[in-house]
Amino acid sequence: MKRTLTLGLMLGLLAGCQSGPARDAQAADEPAADATPTAAEATASEAEPAPPANFDAWRAQFRREARQEGISEATLARALDGVRYRPRVIELDRSQPEFVRPIWQYLDSAVSAQRVTQGRAKLAEHRDTARRMEQRYGVPAEVVVAIWGIESNYGGNFGSFSTLDALSTLAFDGRRRDFARGELLAALRIIEAGDIAPDRMVGSWAGAMGHTQFIPSSFEAYALDGDGDGRRDIWGSIPDVMASTANYLARAGWVTGQPWGVEVVLPDDFDYARAELANRRSAREWADLGVRPLGGGRLPDFDAASVIVPAGARGPAFLVGPNYRAILRYNNATSYALAVGSLADQIAGRGGIQAGWPRDEQPLSRDQVREMQRSLNARGFDVGTPDGIMGPNTQRGLRAYQQSIGVTPDGFATLRLLERLQR
């Protein structure tokens with residue numbers, strides 16, 4: 001089966017991240033509202049400069065290639081005749097924020113009280129549809145609603161860029177041109193199939209579309225007709241949105257009847273080298289190591305679970321199972337998966353994350369992470385080539401350094417640690 005992706009993974013690829021198939025926790029997506037132009041940008045777009053001289057030639061060549069791949073002339077005319085080069089898309093594609101928000105700030109906005117309240121209202125409004133999709137695909141209704149809330153604020157803002165404009169611009173001038181070209185072809189196939197008209201195919205600058213932000217290849221693989229009208233409409237049909245999102249998670253490995261994870265308390269002597277997603281043990285094994293649910297009770301009956309500590313030993317700890325990993329397939333960022341899980345829990349009336357975050361810690365910029373990597377290498381804690389990304393090698397090196405100075409070796413990078421390294 002052809003590999004498919006949603007907004008989180010596409011943005012990671014377009015951003016050229018080095019930490020895995022998408023992005024690490026610190027580079028997680030903001031809610032999709034960030035993809036929408038401001039009023040000033042929208043006004044400015046009416047007077048955008050002329051496209052590069054060779055854009056029309058590129059479009060003509062692409063049109064010939066698309067025709068050879070089976071796209072009809074009628075679809076090509078409807079979709080490409082009015083397509084525009086969008087300089088703003090390239091600006092966004094090439095922007096690399098130097099500073100990233102810490103995970104607690106992301107969660108503050110992604111799982112706000114207003115979003116919880118609105119999520120409960122949306123679930124009540126569409127309860128019959130949501131429960132029907134839950135019975136059909138085995139994914140809890142509150143999880144689907146949570147993804148809807150985080151991706152587009154429940155449809156309030158899923159972007160207003162023309163998907164065809166955005167992908168044409170990226171395929172012509174972006175940093176991942178072949179990838180964008182493939183998505184553009186997928187968009188044309190969606191139009192050819194009659195699911196959506198070209199002028200209604202709108203979304204983010206990166207080509208993610210609709211209420212739950214599928215990119216075209218994900219739409220082709222996972223979108224479903226939930227209302228029986230013969231079309232897959234993730235822009236205007238909530239049954240289609242819910243069916244498509246639930247289908248995505250089900251096919252990503254969702255296990256019916258299990259939670260995404262549980263907040264836990266770790267023993268004082270816990271070995272934080274075990275706190276990695278790739279380190280999987282049964283819940284019974286974790287219990288034998290002293291891991292306990294926060295608030296008491298028993299751990300979920302996971303066969304293969306991981307302990308994660310997104311903010312180190314001073315922040316919350318979680319035991320996560322296969323459903324957490326299914327959410328990561330939607331967007332491979334720790335903060336995103338925790339936001340979906342926590343928002344879903346609160347929509348359903350369960351509690352959110354209880355333990356406090358180390359809000360007094362200052363996150364490192366990418367340049368500061370590079371400095372930390374260089375300093376660790378200089379001290380003999382080999383982390384590889386400094387790249388400004390807190391990947392597994394850097395975390396292992398940092399844990400070794402922490403152990404050498406007698407502090408809890410949790411691998412959580414802080415400004416205090418960087419300053420100590422540089423003394």
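Two strands are taken to pair if DSSP finds at least two bridges between them, and I begin with that definition because the sheet rests on it. Helices (H or I, at least four residues) and strands (E, at least two) are DSSP runs, numbered from the N terminus.

Before the details, a word on the source. What you see is a predicted model, in which local features need pLDDT of at least 70 and side-chain atom pairs count only at pLDDT 80 or more, while totals for chains, interfaces and linings use all residues. Residues are numbered from 1 along each chain as its sequence is written, and side-chain values use heavy atoms, with hydrogens and water left out.

As an overview, the protein has 19 helices and six strands. Of its 423 residues, 54% are buried, where buried means under 20% relative accessible area, exposed means over 50% and partly exposed lies in between, with a 1.4 Å probe and protein chains only. If we take contacts, meaning heavy atoms within 4.5 Å, between residues at least 6 apart in sequence, then 69% of them join residues at least 24 apart.

Four strands form an open sheet in the order 4-3-6-5, with antiparallel pairing; its edges are strand 4 (292-293) and strand 5 (306-308), each of which pairs on one side only. Strand 3, residues 261-265, is joined to strand 6 by four bridges and runs antiparallel to it, and strand 6, residues 317-320, is joined to strand 5 by three bridges, again antiparallel. Within strand 6, Val320 is the bridge partner of Gly261 and also of Ser306. Strand 3 and strand 4 pair in the antiparallel sense over two bridges, and there Val264 has Pro293 of strand 4 as its bridge partner.

Next, a helix pair. Two packed helices are described by the angle between their axes and the distance between the axes. For helix 4 (residues 73-80) and helix 11 (residues 177-193), the axes come within 10 Å and cross at roughly 115°, where axes are lines fitted to C-alpha atoms, for helices over the stretch in contact, and angles run from 0 to 180 degrees between N-to-C directions. Helix 4 is therefore roughly perpendicular to helix 11, since angles of 65 to 115 degrees count as such, those under 35 as roughly parallel, those over 145 as roughly antiparallel and the rest as oblique. On the helix 4 side the contact is made by Thr75, Leu76, Arg78, Ala79 and Leu80, and on the helix 11 side by Leu188, Ile191 and Glu192.

Finally, some loop residues. Most residues other than glycine have a negative phi. Gly156 is found in the loop between helix 9 (141-152) and strand 1 (161-162), and counts as exposed because its relative accessibility is 62%. The C-alpha atoms of Gly156 and His211 are separated by 8.3 Å, with the two residues 55 apart along the chain.
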